[in-house]
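This report considers how parts of a multi-chain model meet, first inside one chain and then between two chains.

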Amino acid sequence: MVSIANKGRSLWADAVLRLRRDPLAMVCFTIIALYLLMSLLCATGVIFTDYNVTDNAQAYQPPSAEHWMGTDLFGRDVMARAAHGTITSLIVGFFGAALAVAIGTILGALAGYFGGKIDDLIVWLYTTVDTIPYILLVVAFSFVMGPGLNTLCLAIGLTSWIRFCRVIRSEFMKHREREYVQGATALGAGHLRRIFIHILPNTFHLVLINFSLGFVTAIKSEVILSYLGMGVAPGTPSWGMMISDAKLELFREVWWGLAAATLFMFFLVLAFTLFNDALRDALDPKLKNR
Amino acid sequence: MWRYVARRMLYMIPILFGITLVTFLLFNVAGGDPAAQAAGRYATPERLAQIREQMGLDKPLLEQYLHMVKQLATFDFGRSWSSRQEISGLIWAGIGPSLSVTFPAFVLSLLITIPFSLLLAAKRNTAIDKGTMVTCLGLISISSVVYVLAGQYFLAYKLGWFPVSGWDPSWDGRWQYATLPILIMVSLSLGADILFFRTVFVEEMFQDYVRTARSKGLSNAKILLKHVLKNGMVPIITAVVLQIPFLITGSLLIESFFGIPGLGGLIYQAIQEADFPVIKAMVLIGAISYMVFQLISDVLYALVDPKIRLS
Amino acid sequence: MFKNIFVILATSLALAACTKKAPENDNTINYGLRTNLKALDPEQGSETSANEIIPNIFETLFEYHYLKRPVVLQPLLAEAMPTVSKDGRTYTIKIKKGIRFQDSEVFPDGKGREVKAQDFIYSWKRIADPRNKGEGWWIFDGKIEGINDWNAKLAKGGKPEEVNEAFNAPISGLQAPDDYTIVIKLAKPFYQLNNVLAMPFASVVPKEAVDKYGEEFMNHPVGTGPYKFESWIRGNKVTLVRNPNWHGGTYPNEGAPGDQEAGLLADAGKPLPFADKLVFHEIPEAQPRWLNLMKGALDFGGIPKDNFDNTITDGKLKPEMVSKGMKLWTFPSLEVVYIGFNMADPLLGKNLELRRALSLAYDGQTARKKFYNDRATIAMSPLSPDIDGYDAKFVNPWKEFNVEKAKEHLKKAGYPEGKGLPAIEYNISGSSTDRQMGEYVQQQFQKIGVQVNIISSSWPQFIERLNQKKAQMFGIAWVADYPDQGNMLQTLYSKSAAPGPNNSNYNSKEFDALFEQSEKIPPGPARIALFHKMRDQFVKDVPWIPTVHRLNDIIYQGWINNLKRHDIIRNSYKYIRVDQAKKAELKAKL
């Protein structure tokens, strides 16, 4: 058991070392950290405090020294709106992914660990949900719960756990038979203890990878749902809203709203995707160099 | 083989049950009062009671559920709340336009991505490979809404190469309107497909048979085309088959932007108007066609790889 | 009727299959519908797109004179305007002889049957039949003798044969003493009957077609109009062709002042209709509609809000558009756009000072510029412009934009600086523009410290909230069904509270008494005086913030002649003439 724990630690230490040596991963990590910092500073009112300041005389001003990304319909600074939109995206990304990972991990763990009838039931559940077109399922959830930020997180979380469930399930199936689990059983550990204390930490790298994948999915879903009129409450800065407003604005030659939201989103999603790849390589070295 | 297919088909029954159950729970139990939404303006309480009766909402839940199953079995989903048109008629009318965008896009995208990703796999870890991979990751980091917006604005509005939107059901007119949606659809799938196919091919290149072939002195090109492509096509085809049901249901975004009277547009309109029966019918149809193609995909896979059948 | 604010806004255009080959017949009018078409049955026709098409296929007893303003009714299928009994309760209407339904397979030999008085009664029964989910019942509800009892019997339901028998039972107020005479007996005086009978709802439909097609009649319309239904490619376009058996009509010989100069009388006396074919393209997105108009694939249509600056300066079309032969036609909508307070709401309904404060805090001028490009009149009351009784000089004191004053009233309301006031829910429905308007309201009220949460939902869900009196505050528009201020003011009558048109559930004894009185007297100065008293009561109680009355700008191509759009005149296509030679010449320039 001790040796297993050590092995676990070395896997993580190893991974961190590998990540550190990967310049691309470090750049991505920095970008993500900067986004986090920016949204924190925005939320606490340190930077971009003018995101809600309207000046109707200054509507739709093109980018200038004063407004780097121009102004929107109400004369609000687009750059500040986009920066504040990060908060919405990070909230949706975090809670959406966290919910999905939580559901996926718990169900996957139960299915993989117990097998038999429980496994059959959970496999049936996720096959069913998987069969229903994703976007329609999200839309149906939003309809039932009414629009808003909470719904957005819930709908995304409740619909995107399947992938994680599958991965965790097969991982648990593998681990279930391993010596260290058998050893724990011999020492009298209960099912819950075995699942959560013994096996789960050994699949944690998968949880992490999946979380970061889920994050990207959630951020992208927010845009589509906003376009469908199921996004956050009007007035709340969000990239999805900015992009769907562009549908009207482009034909006024107002491109900066779309550009700002797209750029902000682009770097965050790209950094997340690249970092996720690096993370996977670091945690799962077999795949490296392929 | 037939036993496998039979077993696999038998397995569809509980899934089918699951699909109908989830749909029923979402729309009939949790989704508010359908009568109030169907009734529209000037709905007095008496009128609501009447509509509830017409819709069978006063019946026990089990009976309502069985009614839904019957609708599905007979492909008669009743009428839309908003237009009062027969839903099955709306669906039949929408399949053609949806397919005329999605099918060419699907074929075109495969014709581009498969050879391209094979080439990348051959040149893996070179600058071209890495550059393309980053480009692909960049492509998938942009929201699909932006592709549609930008495509319509620049290619149709600014440059005037294509009509901005519309549809002409005659065959020669159709391409005029379908071309830009097809191109946007291809560009939407490009990034993800290339990344996926490349991974598949790279995986194949590490297989023993490649080493054996190489040791026999086969040229690189020959190995790629004869072995890697052939073997790599197995996971690719099985994955690709699973995209076919989405070809039928069309793209919600693209059809709504370009005014294509397909199933995606139908869904979009139904969402805008909270037209539950239409959304419900589309959920059921989408789910079932996905299930069917999953079966086809599994059977194809089993045909190629007999080991699967035993599991 | 209520309209989603932006669905109605003028803009309307289309695309057209502009194929490379020379089109066989260019004597076609192409129009772009703003919403996807749902059904072509007049019984269901309360929808903007359907109402664009239905009056070309179906006809009513009366129609509005194409050119005269203010609008005036004239006979269409009727021989003459009705003769009315002294007590104003009995209307006798003679219908024209020899009117035939369009040729259709529903008739024994495929030839259209002659229209009889009974056909009208049958068609109106359909509107009143509770089994049909149409929205037209209100036009007869409580107005025609015996119709409510008849309706109640049908609503009870029962075996099919019983219900059919109930349907066939006579209604005492709707009689046909002979094949060409209709006698309508009213349950109470109703001076707007002629207007109601000119609405598409009251069109005559053949029983044979309804019997044969059942609910599918909406896809196989057969009427008496100048155009016949040819095809409908769902989600794409509807094509109508000239009805060779139409009973005929000629272009009017006289019009309103200025029509002569505008060339609107050039075709006086010529036989109608001019165009051979009407094509209605379904293009719900504003930009594609606009671009198709610019390319000449559509013949006329509105200007999307976001293209306005590139199109019009100082109320005139920009020179580059004029050089392409394009012309501009502007007309006011008979409507009021407003922010409604739910008077049944315990917070807003009980606190007059709060409503006053909110009304004072709303900057209508900026909204007019931002959302309507100044192509709207600031609304002071529910009375619609361009209808008798509208007073352009009237000023509503609570419509002044004055933040300081608003704050004072907020203090009087018991919420100084908005302290202690819970966030108010503002309900909206619809597009990005509707959402932006919601945000605007939010910003306006924020200035005096009132927080607003915007609840955005689909139109049916929005209506559901209104019907259940759940919407605290909402943005909506009321468009006149016919040119009468009484139709505008019923939105405030307590007996038409939700689910009726009075969505703000305003309940004022004084207003109700005035309204009921106004229903009892014929149009004229006395009635207008009552309207003004109702308006004053409205101003006193502030149940809404009226925002604007919109102007519609229609751009039309140089080859289109005789275009004179109006909200109420729905059968204008038969008057429009396409100059094909000019079209060929101008299209080359686009």
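## Domains within chain B

In this predicted model, 13 residues of domain 1 of chain B are in contact with 12 residues of domain 2 of chain B, where contact means that the C-beta atoms of two residues, placed from the backbone, lie within 7 Å. Helix 1 (2-30) and helix 2 of chain B each supply at least two residues of the side of domain 1 that touches domain 2, and the largest share of that side, nine residues, comes from helix 1 of chain B. Helices here are DSSP runs (H or I, at least four residues; strands are E, at least two), numbered from the N terminus.

By class, this side of domain 1 of chain B has nine nonpolar, three polar and one charged residues; Ala, Val, Leu, Ile, Met, Phe, Trp, Tyr, Cys and Pro count as nonpolar, Asp, Glu, Lys and Arg as charged, and the others, Gly among them, as polar. The domain assignment of chain B gives domain 1 as 2-74 and domain 2 as 90-304, with bounds that come from an automatic or database domain assignment. The centres of the two domains, taken over C-alpha atoms, are separated by 32 Å.

## Chain B against chain C

The contact between these chains takes 31 residues from chain B and 33 residues from chain C. On the side of chain B that touches chain C, helix 2 (34-39), helix 5 (87-122) and helix 13 (263-272) of chain B each supply at least two residues, and helix 13 of chain B gives the largest share, three residues. By class, that side of chain B has 13 nonpolar, 14 polar and four charged residues.

## Conventions

Residues are numbered from 1 along each chain as its sequence is written, while chains are lettered from A and ligands numbered from 1 in the order in which they are written. Since the model is predicted, local features need pLDDT of at least 70 and side-chain atom pairs count only at pLDDT 80 or more, whereas totals for chains, interfaces and linings use all residues.
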